[in-house]
Amino acid sequence: MSRFLTPATLDEALNALSHPGAKVLAGGTDLMLALRQARLSGTELPELILDVTRLPELGRLELDGPAYYLGAGLTFRCLEEDPRVARRIPVLAQAAATVGSMQVRQTATIGGNVANASPAADGLSALVALDAVAEIASLGGMRHCPLGELITAPNKTTLAQGELILGYALDPPAETRGQAFLKVGRRQEVAVSRLNLAACLDRELSDPRVVLGSCFPTPRRLRDVEELIQGATPGPELWRAAGEKAAGHFTDVCGWRASATYKVPAIARITARALSRAWAQLEARS
Amino acid sequence: MSLGQSLIRLGTEAKVRGETRYGFDMPQAGDLHLACVRAEQAPAKIVSINPAQALAIPGVVRVFTAADVPGEHRLGIIAVSRDQEFIAPGLVRQPGQCVALVAAETPEAARAGARAVVVVLEQQPGVWSYDEAMAPDAPLVQPDNPGGNLLRENKIRRGDADAALKDSAVVVEATYTTGRIAHCALELEGGRAWLEGGRVMVTACTQNPHYDQADLARFLGVGEDRVRVIQAETGGGFGGKLDLSVQPFLALAAWHLKRPVCLRYTREESFLATAKRHDLRMHFISGADEQGNITALRARIDGDTGAFASYGLAVNMRAAVHATGPYRTPHVDVVARMAYSNNTFNGAMRGFGCPQVALAHEAQMNALAAALGMDPFDLRKQNALRHGDHTATGQLLGAGVGLSACLERIEPIYRKWQSERRHADEYREGVGVGVMFYGIGNTGASNPSTAQLEWRPDGRVTLFTGAADIGQGSDTALMQIAASRLGLPMERIDLCRGDTDRTTNAGATSASRQTYISGNAVMGAAANLEMQLVQGAREMLNQRHLEVELKDGMLVAADGRAVEPAEVARHLAKAGGRARGEGRFDPNFTALDPETGQGRPYATYAYAAQCARVRVDTASAMVKVTDVAAAHDVGRAVNPRSVQGQICGGVVMGVGMALMEHYQQGRTDNLQAYHIPTAADAPDITPLIVEEPEPSGPYGAKGVGEPALIPTAPAIAGAVSQALGRPMRHLPISLERVMEALTAAEGETTRED
């Protein structure tokens with residue numbers, strides 16, 4: 001039998017979390033499935049389930065100053081609906097809108113999405129494209145960790161027992177960036193991504209970001225694709241070439257397995273379309 | 001009165017409030033909990049089963065094995081192919097088959113006990129597809145089956161198909177396949193059993209309580225009088241609750257332990273242990289003359305029923321009978337074969353093989369139209385079955401053929417959508433049409449229903465029916481029929497349903513048969529009741545030959561006097577009698593000739609035409625079905641809103657069949673891996689009711705349950721084919737299949753440029 005605790009303060013939460021066997025419940029949409037599986041298979045349940053949804057620190061949403069900050073407790077529904085998110089970091093708003101169903105989005109959080117570290121996590125690809133740095137608290141103090149380093153393998157992170165993600169500092173991207181997120185699933189909603197792609201483009205194409213999710217153990221920035229785009233002439237041809245490069249990147253890393261017959265053309269097409277949409281967004285602003 | 005009105009279905013408010021208790025909700029405090037020990041390997045010999053470690057777990061009460069089954073091991077709804085062993089007696093034929101049953105004081109202890117039972121198996125060679133099963137020297141799945149691994153071959157032969165194809169102006173040939181599909185009823189299988197006066201009582205979700213009673217008695221080796229089955233509210237079935245599921249385990253444990261027991265399947269267990277829709281491989285050759293008249297069909301249909309026959313015979317026969325689609329086809333040569341394999345068994349699912357063959361016959365119509373240079377819609381209109389035509393089995397169709405009317409209803413919508421169709425950079429659009437006919441009731445076999453109506457001395461009427469309402473609305477439809485026939489508001493009638501002690505056999509809730517067959521049984525019961533009331537009224541009025549009729553709930557005599565039926569009921573009660581009408585109806589059929597398949601398999605058919613509009617994303621290859629228009633000839637809509645509900649539900653299920661549903665044993669045993677449509681996948685649906693009265697139906701009614709699903713996937717397949725310019729012949733039309741077609745289609749365009 002597990003104990004269930006809803007701490008009201010961060011101190012209380014970090015104290016409780018330092019006990020081995022404590023598990024964080026941020027939205028529960030992944031944890032509850034794991035608990036059910038454990039119950040059915042007779043494996044051990046966590047000793048303590050720590051509901052962090054009441055901690056005020058996790059609810060911060062700061063997009064007005066020079067430094068953007070997203071609390072780990074923000075739900076996807078909130079990210080999908082908030083007009084500031086839609087205006088300033090549309091790539092995350094679009095990604096949030098594709099997560100699960102409305103019921104899932106109502107409770108699932110951007111903190112849980114990262115800590116669960118599914119290779120198919122939609123929020124994660126968008127956050128990586130935004131160069132998010134996680135702010136992590138423990139009784140020992142705070143540390144900051146870029147998401148690329150935090151997530152190491154499918155469902156594996158460098159989070160230690162006792163550590164809690166408070167939120168993410170975003171490289172202030174610049175409203176001037178064009179952004180797009182695309183997801184492919186086997187149905188319109190409540191589908192695990194077959195692949196997802198987050199793209200951010202600045203007007204000079206000096207710092208393009210292309211993140212491919214659901215194709216590798218962790219979401220991956222396609223550096224070679226970014227290099228191709230850097231300083232090049234924007235337009236359909238560039239987007240198509242970038243798509244081909246992205247597809248090539250995938251086969252280089254993963255080889256030609258059964259899923260590639262779909263994924264390779266899909267990656268090429270989705271990448272080209274996301275870049276084209278991100279650029280169109282920039283154009284529309286001027 | 002109430003017939004033809006869109007009354008809110010009985011029990012709706014309780015369901016909306018969450019107060020309805022389904023079979024799954026039956027467990028009570030103090031019940032013993034059951035858990036099945038399921039074999040992971042198959043086929044396999046059971047070397048040993050050691051329950052010692054399980055019995056050592058606190059709370060575990062007993063571990064049953066096949067040795068504890070007092071009666072027959074082999075059960076099944078079709079008597080000639082009864083072959084499903086609920087606790088394997090020595091040989092495991094399919095993965096997941098139950099080998100032992102644990103009873104415990106808590107669900108946790110039962111599950112722990114099931115994990116602790118040590119089962120030693122010895123793997124045997126198996127067969128995993130139709131082709132493997134039919135190979136020479138293949139290991140036998142059911143060695144007692146006289147045909148080896150061939151469960152059944154059905155032939156439909158009419159005219160000379162080979163010669164007619166030779167003489168045809170155009171001939172098109174292709175192979176089509178469909179995937180296995182899981183029913184995914186919202187309610188998982190669940191129920192409860194206990195003893196009462198030396199009899200075993202079972203209440204569980206089911207589509208057929210009287211069949212359950214008979215097979216449970218066989219399983220326990222007792223007379224049917226020792227078993228009572230009460231259908232619990234059933235949260236969807238779609239054919240998946242026609243076979244027994246939890247009931248044999250419940251009955252066995254209650255019988256031995258003499259305590260109330262309960263059992264609920266998990267979603268994973270439901271995937272593993274219940275039937276699926278048969279995957280069929282269909283090779284079709286169709287011909288037409290220069291004017292576009294269909295000349296012939298030659299079809300070969302191969303199916304794999306898995307380790308148990310379940311409804312394999314019915315699916316095979318129905319697939320053969322419906323292979324031509326609802327089109328005049330003078331020359332027919334169809335052979336359908338169904339084989340056993342060691343896969344988890346396939347059985348009944350909404351349409352019994354017809355949704356599968358509809359994919360083939362509709363794609364063949366599109367191919368014929370293309371070969372002839374004709375409009376595919378016009379080709380269908382030209383060949384559509386009409387009054388006076390013969391079907392492939394030689395059945396002469398009488399009145400009540402509403403196919404042309406269905407086509408007329410959707411044609412303007414189809415034409416409009418075709419005219420609006422366009423391709424853009426990011427998507428391609430397509431419009432397709434699907435047409436079907438569907439025989440109501442069992443194929444070429446007696447399948448009667450019975451019902452009773454009693455006018456009680458207190459003035460209320462009770463309708464007794466064995467027909468299981470599984471959420472589709474038969475309760476309300478039968479009550480509307482009774483109310484209309486007796487001239488009463490429905491509020492004056494009480495319903496007693498699905499209890500083997502209190503109702504008589506109405507047959508299965510399957511084959512879209514309850515409105516037509518049980519509806520007719522109710523009509524018969526009402527007529528019989530009316531006769532008794534009239535007789536009673538004459539006695540009370542002391543005039544043996546007085547004209548008396550039942551009108552608006554009153555018995556009115558020709559001389560102007562009136563008697564309340566309740567008075568007659570009281571009059572009869574004084575003499576120890578009752579005003580209770582009996583009704584029975586068995587559709588008019590003849591069995592099919594075993595060599596030619598000729599005969600009259602059904603008394604009547606439902607007809608439908610649907611069209612679908614899709615948008616295919618050119619980057620992701622995702623298909624969105626945006627709109628479906630669905631015209632259904634139901635004879636007479638007893639409850640129009642219910643009919644519309646069935647149509648909309650069928651269409652959404654058809655979207656699943658067309659685009660995403662694909663059961664893969666061991667890989668898709670939960671709802672995360674096995675995709676069914678969500679609300680976001682549902683198209684904008686226009687349900688259109690066509691009423692071409694069926695002379696033998698209650699008030700002209702037929703059925704709509706399965707027809708609602710059947711045309712949808714073919715219409716979607718046609719639409720995607722049009723969008724991509726390539727025929728989509730395999731279901732589901734997955735991302736992979738669409739991408740392949742899209743890449744190939746674009747390659748062609750580039751070459752043309």
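The model is a predicted one, in which local features need pLDDT of at least 70, side-chain atom pairs count only at pLDDT 80 or more, and totals for chains, interfaces and linings use all residues. Residues are numbered from 1 along each chain as its sequence is written, chains are lettered from A and ligands numbered from 1 in the order in which they are written, and side-chain values use heavy atoms, with hydrogens and water left out.

**Chain A as a whole**

Let us start with chain A, which holds twelve helices and 14 strands; these are DSSP runs numbered from the N terminus, helices being H or I with at least four residues and strands E with at least two. Its C-alpha trace spans about 60 × 45 × 30 Å along the principal axes. A compact globule of 286 residues would have a radius of gyration near 19 Å, and chain A agrees with its 19 Å; the radius is taken over C-alpha atoms, and the globule rule is 2.2 Å times the number of residues to the power 0.38. Of the 286 residues, 53% are buried, where buried means under 20% relative accessible area, exposed over 50%, and partly exposed in between (1.4 Å probe, protein chains only). Among contacts (heavy atoms within 4.5 Å) between residues at least 6 apart in sequence, 64% join residues at least 24 apart.

**A helix covered by both chains**

Helix α2 of chain A (residues 31-41) has A:Leu31, A:Leu35, A:Ala38 and A:Leu40 as its buried residues. Their cover includes β2 (22-25) and β3 (48-51) of chain A, together with α3 (107-116) and α8 (267-273) of chain B. After this helix comes A:Gly42, with a positive phi near 80°.

**Cysteines**

How many disulfides does a search of the whole structure find? The count over all chains is zero, a disulfide being a pair of cysteine sulfur atoms within 2.5 Å. The sulfur of A:Cys215 has its closest cysteine sulfur in A:Cys254, 7.0 Å away, which is too far for a bond. A:Cys215 counts as buried because its relative accessibility is 8%. B:Cys98 is buried too, with a relative accessible area of 2%.

**Salt bridges**

Side chains of opposite charge can pair when their charged atoms come close. Over all chains there are 66 salt bridges, each a side-chain nitrogen of Lys or Arg within 4 Å of a carboxyl oxygen of Asp or Glu.

| Pair | N to O distance | Relative accessibility |
|---|---|---|
| B:Asp501 and B:Arg228 | 3.4 Å | B:Asp501 37%, B:Arg228 17% |
| B:Arg300 and B:Asp333 | 3.1 Å | B:Arg300 17%, B:Asp333 9% |
| B:Lys381 and B:Asp378 | 3.8 Å | B:Lys381 30%, B:Asp378 31% |

B:Arg300 and B:Asp333 are both buried, whereas B:Lys381 and B:Asp378 are both partly exposed. B:Lys381 and B:Asp378 lie in helix α11 of chain B (residues 376-383), three residues apart, about one turn of the helix. An α-helix has 3.6 residues a turn, so residues three or four places apart point the same way.

Chain A has a network of salt bridges as well, linking A:Asp131, A:Arg177, A:Asp207, A:Arg209, A:Arg221, A:Arg223 and A:Glu226.
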